[in-house]
Amino acid sequence: MENKTKILGGIIYCRVSSQEQVQGTSLDSQKQACLKYAHDKSIKPLKIFIEKGESATAANRTELIKALDFCRDNKGKVDAFIVWKVDRFARNTSDHYGLQAQLIKFGVSLHSVTEPMITDGGPVGKVLEAVLAGFAQFENDTRKARCEGGIQRKIQEGIWPWHPPIGYIHSKNHRTDKRKTIPDLVDSERFDLVQKGLKAYLRGEHSIISLTRTFNEWGLKTKTGKLMFK
């Protein structure tokens with residue numbers, strides 16, 4: 001009887017976390033590296049999933065969810081889940097091992113192009129995988145802490161990092177500006193009315209409902225020209 005070697009099937013998952021990376025070459029580089037890895041390992045790519053600038057949180061990644069659904073719906077046909085690097089798969093240890101558990105249930109193993117040792121299933125590979133998953137979380141937590149610290153510094157400088165509330169105009173001159181560098185500008189059409197109403201509210205002269213009604217009587221409108229609402 002002729003022995004036939006099973007052809008392994010796999011999917012490729014690429015992810016970048018910023019618009020700058022989407023517009024650059026990172027996605028294409030990941031894809032080409034994953035395709036070469038699949039070719040070298042005799043893995044037939046069944047489908048490629050590309051995540052463009054989405055959240056690092058597993059539950060919010062549209063293409064990751066589609067990739068997992070594909071593995072489930074094609075159980076027995078998909079053997080490998082190929083990523084360029086472990087931190088493209090997950091950015092914290094709980095997500096990493098939660099996703100790993102799903103792949104194991106579908107009979108799929110995780111393959112990292114740049115960290116091939118984790119796929120051998122041995123004790124050294126498992127330890128290395130744990131270290132890489134932990135380091136991915138460390139990087140993510142560090143980035144988050146820096147971002148929060150930057151936001152606090154902006155607020156202390158009088159710069160509101162988010163979209164300005166009614167009564168102010170966005171200080172960024174162009175939509176392509178990456179960040180605010182000066183405080184938002186006063187909206188001359190709305191600022192005085194908003195200030196007058198809020199001061200009256202602080203003095204106890206209004207409830208939220210009556211303040212809303214008063215704003216509308218004064219002719220205050222939202223930035224889209226609609227009536228004020230509670």
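At what angle do the axes of helix α7 and helix α8 cross? Hold that thought for a second, everyone.

First, the ground rules. This is a predicted model, where local features need pLDDT of at least 70, side-chain atom pairs count only at pLDDT 80 or more, and totals for chains, interfaces and linings use all residues. Residues are numbered from 1 along each chain as its sequence is written, and side-chain values use heavy atoms, with hydrogens and water left out.

So, how confident is the predictor? pLDDT is its confidence in each residue, from 0 to 100. The mean for the protein chain is 82, and 85% of its residues reach 70 or more. Among the elements, β3 has the highest mean, 95, while helix α1 (residues 19-23) has the lowest, 48. Over residues 20-24 the pLDDT is below 50, and beyond near neighbours in sequence that stretch has six contacts in the model, a contact being heavy atoms within 4.5 Å.

Strand β3 (residues 80-83) is joined to β4 by four bridges, and Ala80 sits opposite Ser109 in β4.

Angles here run from 0 to 180 degrees between N-to-C directions, using axes fitted to C-alpha atoms, for helices over the stretch in contact.

α3 also packs on helix α5 (residues 93-105), at about 25° with the axes 9 Å apart. That makes the two roughly parallel, the word for angles under 35 degrees; over 145 is roughly antiparallel, 65 to 115 roughly perpendicular, and the rest oblique. Leu64, Leu68 and Cys71 of α3 meet Leu99, Gln102 and Leu103 of α5.

Back to my opening question. Helix α7 (residues 191-202) and helix α8 (residues 208-218) cross at roughly 150°, and their axes come within 11 Å. The pair is therefore roughly antiparallel. From α7, the contact uses Leu193, Val194, Lys196, Gly197, Leu198 and Tyr201; from α8, Ile208, Leu211, Phe215 and Trp218.

That's my tour, thanks!

Note on methods: Pairing = 2+ DSSP bridges. pLDDT = per-residue confidence, 0-100.
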